[in-house]
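Open the model in your viewer and keep the selection tool at hand. The stops below go one selection at a time.

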Amino acid sequence: MERLRLLVHSTAETERRTLPANIAGTLLVIGAAQSLPNAADFYIPMLLRFLALFATALLYGRIRRRLEAKANTLVPMRMASVVAAFGGASWASIVLPIFLDPYLHPASYIVTAGVFISVALVITSTSAIKHIAIPYTIGFMATFLGALAFIPLETALWLAGGLFFLMGGIVIFSIGSGRQRLESANTWVHNRRLTEDLEEALARAEFLAIRDPLTGLYNRRALFEDRIYENAPRNRYHVLIVDLDHFKQVNDRFGHDTGDRVLVGVATAIRDVLRSLPGEGHLAARLGGEEFAVFLAIADDTEADRAAECLRAATHRVAARFGLPPGVGTASIGISSMPRGEHVSKALQRADNALYEAKKSGRNRVRRQVA
């Protein structure tokens, strides 16, 4: 579908850009015909030709609108077949007066050459869209061959032979051109998909360089090496270590799949709490296993303690939602303040000491250690 969309778009744009040249070529052919003694015979073909130009413009206008709307059917098949056949017949009608009432005049060669060149260009440019190219060719040849019934048989045979020779060459060339366009479209689509795959792989690699693949939180590298917290505002912050209580029981009793879903649920709860906090610069990272680090761009101790309590309560709700036993999957949290310029590892060490106190005093609670 992507290849077809590309081919149809290319054909529609070619028609739009070449419409002025198409009109100019028609006027040139008709103008040359006016120098022939039977110039009046070209009036009706001229009218038919301009009607065909108008119908073709309407057809491609509808095709372009379908392309913009990303419709499933890009080419209105019935309309395309009728308009294309009429377009081919209109060109044939211009050359017919020359053969039905021949005159040895230079303008005859100009008209004939102009018609066949125009027909060749149209068939070649639309060769990738069969619902246009085939009806166009049939319309031209059927009109031309039908008119041969009104001239002597010997002349008609010569003209029919010449027509099949010329159209055979045009069709063979257009088939080759169509295949080349198909190959170009396939190459373009293939290259675009490769580019998209490469961009996706690079984005994935960039994501995994600083993110935990399971929870989507930052990883240890982002926290300790990249120091993603350094652009936070204020001169004083708070750091938390969140450790899930008795998490080994979750994996042992409910399976690692449930354990992973609990970790993802906790990570989501942490993100939700951080989004609800005032200010900017708050972030969270998974240190490994069931342990998380949370950086709060909050200077006030009371506000930080309140945020830590919100995290503990949110984690408790996650454990309850998964139906874990009491005391399993809840969070013990250690919190410590952190001055600007200090490496986060020092603050985390203090928070880890506070976490130990939270575990020792009964778990599922928050404890603070002052810097």
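This tour of a predicted model visits a strand, a serine and a loop proline.

**Stop 1: strand S1.** Select residues 236–244. Eight of these nine residues are buried, so S1 is largely enclosed by the rest of the structure. S4 runs antiparallel to S1, with nine bridges joining them.

**Stop 2: Ser-332.** Stay in strand S4 and select Ser-332. Is this residue buried or exposed? Ser-332 has a relative accessible area of 0%; the cut-off for buried is under 20%, so it counts as buried. Show its polar contacts next. The Ser-332 side chain makes one with the side chain of Asp-245, at 2.6 Å. A polar atom of that serine side chain also lies 3.2 Å from the backbone nitrogen of Asn-364.

**Stop 3: Pro-326.** Move to the loop between helix H10 (301–321) and strand S4 (331–339), and select Pro-326. Pro-326 has 84% relative accessibility; exposed means over 50%, so the label here is exposed. Finish with a distance. Pick the C-alpha atoms of Pro-326 and His-316: they are 9.6 Å apart in space, and the residues are 10 apart in sequence.

How values were computed: Residues numbered from 1 in each chain as written. Predicted model: local features only at pLDDT ≥ 70, side-chain atom pairs only at ≥ 80, totals over all residues. Heavy atoms only, no water. Helix = DSSP H or I, 4+ residues; strand = E, 2+ residues; numbered from the N terminus. Buried < 20%, exposed > 50% of the residue type's maximum accessible area, 1.4 Å probe, protein only. Pairing = 2+ DSSP bridges. Polar contact = N/O pair within 3.5 Å; in protein donor to acceptor, adjacent residues only side chain to side chain.
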